Amino acid sequence: MTDYELYERVRQKDKQALETLYDRYERILYAFLMQLTQDRDLAEEAMQEVFIKLWRGVGVYDETKGQFRSWLFTMGRNVAIDLIRRRKPDLQLDESYAETIPSTERSVEREVEWQEERAQIETAMAELPAEQQQVVRLMYFQGLSQQKIADACGIPLGTVKGRIRLALKQLRRRVSPDLIDKEVER
């Protein structure tokens, strides 16, 4: 069932449809709100508020104006900003803070896509042997050079290179090659 179909069922007060949407978006929306607020309690409260608003029909999603997930994340962003302002009324959103908040629906959509892509890569990573996971994580997620990985793990540089090459080959088989290449470029 599509997001739009579920949304329409939620508007008719179908609790199961709301639960399905919640299950579909809880992890990625929570991760987005955590990144935005940098506060576990605020992120949880914002997420709860988003789904309460969805249930109560606050705001109307229009399928012709964009994807449901973009609309949901925009709602989450707005709720999070409102909560921050309520908790800290004297807080002025300066430029450095505003930079952490996506300003357009398009950037929210890109963030959602990035989170989904990352989840796909993490799932594929979990299927790799532990030694390949280790070198990939050190290189791509912690930014270590191949030589520093070799030094840190106490293994030859050639072994590090070989493990990375094998890991990327395996990941390309499990995930779209374009996705892996895009992630490697980041």
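This is a predicted model: local features need pLDDT of at least 70, side-chain atom pairs count only at pLDDT 80 or more; totals for chains, interfaces and linings use all residues.
Numbering starts from 1 along each chain as its sequence is written, and side-chain values use heavy atoms, with hydrogens and water left out.

As for the fold, the protein has 10 helices and zero strands, which reads along the sequence as α-α-α-α-α-α-α-α-α-α. Helices (H or I, at least four residues) and strands (E, at least two) are DSSP runs, numbered from the N terminus. Of the 186 residues, 36% count as buried, where buried means under 20% relative accessible area, exposed over 50%, and partly exposed in between (1.4 Å probe, protein chains only). Take the contacts (heavy atoms within 4.5 Å) between residues at least 6 apart in sequence: 61% of them join residues at least 24 apart.

The largest nonpolar core holds 30 residues, and those with the most contacts inside it are Leu21, Tyr25, Leu29, Leu33, Phe51, Leu54 and Phe68. Helices α1 (3-11), α2 (15-37), α3 (40-56) and α4 (68-87) each put at least two residues into this core. A nonpolar core is taken as a set of buried Ala, Val, Leu, Ile, Met, Phe, Trp, Tyr and Cys residues joined through side-chain atoms within 4.5 Å. Leaving aside residues up to four places away in sequence, Phe68 touches Asp3, Tyr7, Leu21, Tyr25, Leu54 and Tyr61. Another core, of 16 residues, lies apart from the largest one and includes Leu128, Val135, Ile149 and Ile164.

Now for α1, where Asp3, Leu6, Tyr7 and Val10 are buried. These four cover an arc of only 100 degrees around the axis, so they sit on the same side of α1; the arc is that of the directions from the helix axis to the C-beta atoms. The buried residues of α1 pack against α2, α3 and α4.

Leu42 lies in α3 and counts as buried because its relative accessibility is 6%. With residues up to four places away in sequence left out, Leu42 touches Thr37, Leu83, Ile84 and Arg87. Leu42 and Ile81 are 39 residues apart in sequence, with their C-alpha atoms 9.8 Å apart. Val79, in α4, has a relative accessible area of 5% and is therefore buried. Val79 touches Ala46, Glu49, Val50 and Lys53, again not counting residues up to four places away in sequence. From Val79 to Leu42 the C-alpha distance is 9.8 Å, across 37 residues of sequence.

Most residues other than glycine have a negative phi. Lys13 is placed in the loop between α1 and α2 and, at 45% relative accessibility, counts as partly exposed. Gln38 also isn't a glycine, and its phi is positive, near 60 degrees. Gln38 is found in the loop between α2 and α3, and a relative accessibility of 64% makes Gln38 exposed.
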